[in-house]
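Subject: Structure handover

Hello,

Here is the structure I promised to pass on. Please open it alongside this note; what I found follows below.

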Amino acid sequence: ECPPTEVLPILLSMDSLFERMGQALNAERRFTSMAAHEMKTPLAGIRAQAQLAAGAENLGEAREALAALIVGVDRSAHLLDQLLDIARIETLTQSGELSLRPVDLASLVHDVSEDLAPLAATRSVLVTTDLQVRRVHGHGFGLYLALRNLMVNAIRYGHEHGRVHISVRQQDADVVLYVDDSGQGIAPQDRQKAFERFNRLGLQHADGVGLGLSIVLMVVELHSARIQLLDSPLGGLRVQITFDEPAENAAQMSPQPQPILA
């Protein structure tokens, strides 16, 4: 028997609410399971280094163990941050209420650059920009996460005293974001694997945990955009993201690269 017409909107709203709650609970379960599994190894390493520090026979051994302990804590914190980012993006994806709005790319690049200034300084990496398109339709937080992960990768895996260049251009009806670095790049046969979670492409001694590009891919898919890994004119890796949404070209940035970090 059909419910009264005046009650139907309320029932539909309740159904929608329960569906969103179910999606949120499922995302939370996946995050909890993934976090519990992936945190076991780094936590075991932290415990081992703490035991070495506690049992050190001299100051040199203690300092060495404590330095390794700090590295392990930092890596675990980075892993947890990225797992939280994945959970947030999954929540956006499943909510079905994503609204794309004009995002100021200049402000976005500035904010990410400010956050990563200490990291760039430790490796003496120069970051330059060429933003020929000022705005693009998107989700601000998602684009921030994508750009931040791309810049972290470019700085960490590029050469010391190297360069990272961020550019945005209009190509026909598309807006294209490029992140170039002067590092060692990724071999063509490994580029698809680079998007897999926890795949570090054999870089066992690198600081990352193998989640950066998978987070970027999630954001790209969230925007129905396209991503490619290519050879960079700087000699390293070029990440190219193409947005189908038309750009808002009310303001144009200077075509000359402007240094952000040194």
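S6 and S7 make a hairpin, with five residues between the two strands. Gly235 sits in that turn and has a positive phi of about 105°. Keep in mind that this is a predicted model.

**Strands around S7**

The pairing of S6 (residues 226-231) with S7 is antiparallel and runs over six bridges. Within it, Gln228 has Gln240 of S7 as its bridge partner. S5 (residues 174-181) is also antiparallel to S7, again joined by six bridges. There, Tyr178 stands opposite Gln240.

How many residues of S7 are buried? Seven of the seven in 237-243 are, so the strand is largely enclosed by the rest of the structure. In a regular strand, side chains alternate between the two faces of the sheet. Both faces of S7 are covered. Leu237, Val239, Ile241 and Phe243 are buried on one side. Arg238, Gln240 and Thr242 are buried on the other.

**Ser167**

Ser167 belongs to strand S4 (residues 163-171). Its relative accessibility is 0%, so Ser167 counts as buried. Beyond its neighbours within four places in sequence, Ser167 contacts Asp130, Leu131, Val176, Leu177 and Tyr178.

**Helix H5**

H5 (residues 212-222) is mostly covered, with nine of its eleven residues buried. Among them are Leu213, Ile215, Val216, Met218 and Leu222. Ser224 follows H5 and has a positive phi, near 55°.

**Salt bridges**

The whole structure holds six salt bridges.

- Asp104 pairs with Arg134, with the closest N and O atoms 2.8 Å apart. Asp104 is in strand S1 (residues 101-104), while Arg134 is in the loop between S2 and S3, 30 residues apart.
- Asp174 pairs with Arg226, with the closest N and O atoms 3.6 Å apart. Arg226 is partly exposed, at 42% relative accessible area.
- Asp231 and Arg191 meet through their side chains at 2.6 Å, N to O. Asp231 is in S6 and Arg191 in the loop between S5 and H5, 40 residues apart. Asp231 is exposed at 58% relative accessible area, whereas Arg191 is buried at 13%.

Which residues do shared partners join into one network? Asp174, Arg226 and Asp244.

Best wishes

How values were computed: Residues are numbered from 1 along each chain as its sequence is written. This is a predicted model: local features need pLDDT of at least 70, side-chain atom pairs count only at pLDDT 80 or more; totals for chains, interfaces and linings use all residues. Side-chain values use heavy atoms; hydrogens and water are left out. Helices (H or I, at least four residues) and strands (E, at least two) are DSSP runs, numbered from the N terminus. Buried means under 20% relative accessible area, exposed over 50%, partly exposed in between (1.4 Å probe, protein chains only). Contact means heavy atoms within 4.5 Å. Two strands pair if DSSP finds at least two bridges between them. A salt bridge is a side-chain nitrogen of Lys or Arg within 4 Å of a carboxyl oxygen of Asp or Glu.
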